[in-house]
Amino acid sequence: GRARERALASAAERLARLERSLAEDVAVLQRRLAGVRADLARDEAELGETQARLRSERARAQRLSRRLAEGRELLARRLRERYTSTPPDLVTVVLSSQDLSDLLERAEFLRRIQRSDERIVARVRDARAASRAQARRLAALEDRQRDEVIATRRRRDALAGMEAALQERRASLARARAAREAALRDTR
């Protein structure tokens with residue numbers, strides 16, 4: 001009986017060591033789990049910010065696209081007007097002017113038309129460049145969002161795996177405790 005008691009005490013001691021080892025593993029897993037949860041929360045926050053920026057940039061891209069379409073329409077209308085009307089030449093302007101002030105007024109009018117046309121062309125060019133730059137920014141943000149979604153999904157999967165491992169360790173710890181208690185009862 002004493003030999004059996006010593007063997008069971010030895011087994012109980014081994015179970016106690018196993019229990020301590022499992023308790024340490026559980027503590028390590030809990031710390032890692034807390035770290036992964038913090039990383040996941042940070043990733044989700046970054047993803048939320050990126051999605052908000054993406055919505056804002058998409059709205060801006062739509063505004064730029066509308067502005068570009070309006071500018072192109074204005075430019076096309078102006079080009080049609082210039083094509084269908086006979087352009088005044090210098091001789092016609094000089095000969096049709098009644099006096100010097102009328103000549104100067106007509107020349108100023110032609111300069112204003114020219115400046116207006118140049119502004120329209122510049123506006124269309126600027127709108128096209130802004131639309132292209134916006135498209136590049138939008139593409140980069142969409143890539144970033146895709147990467148953040150993938151990273152967040154991986155963290156969630158890792159978190160689920162770690163939680164499952166933690167539950168398994170806890171169950172092992174509970175089984176070890178139960179086995180030790182059973183061994184001690186048997187010994188007594």
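Here is a short tour of the structure, stop by stop.

This is a predicted model, in which local features need pLDDT of at least 70 and side-chain atom pairs count only at pLDDT 80 or more, while totals for chains, interfaces and linings use all residues. Residues are numbered from 1 along each chain as its sequence is written, and side-chain values use heavy atoms, leaving out hydrogens and water.

**The whole chain.** Start with the cartoon view: the protein chain has 3 helices and 0 strands (DSSP runs numbered from the N terminus, with H or I of at least four residues for helices and E of at least two for strands). The radius of gyration is 40 Å, well over the 16 Å that the globule rule gives for 188 residues, so the chain is more spread out than a compact globule. That radius is taken over C-alpha atoms, and the rule is 2.2 Å times the number of residues to the power 0.38. Along the principal axes, the C-alpha atoms fill a box of roughly 135 × 25 × 15 Å.

**Across the chain.** Now select Gln30 and Met162: they are 132 residues apart along the chain, with their C-alpha atoms separated by 8.7 Å. Gln30 is found in helix 1 and is partly exposed, at a relative accessible area of 35% (buried is under 20%, exposed over 50%, partly exposed in between, with a 1.4 Å probe and protein chains only).

Next, show the side chains of Arg42 and Asp39, which meet in a salt bridge at 3.1 Å, N to O. The term means a side-chain nitrogen of Lys or Arg within 4 Å of a carboxyl oxygen of Asp or Glu. Both residues lie in helix 1, 3 residues apart, about one turn of the helix. Arg42 is partly exposed at 40% relative accessibility, and so is Asp39 at 24%.

Move on to Asp143 and Arg146, whose closest N and O atoms are 3.0 Å apart in a salt bridge. Then pick Arg144 and Glu148, another bridged pair at 3.1 Å, N to O. Arg144 and Glu148 both lie in helix 3, 4 residues apart. Which of these two is buried, and which partly exposed? Arg144 is partly exposed at 39% relative accessibility, whereas Glu148 counts as buried at 10%. Finally, select Asp39, Arg42, Asp43, Glu46 and Arg155 together: salt bridges that share partners join these residues into one network.
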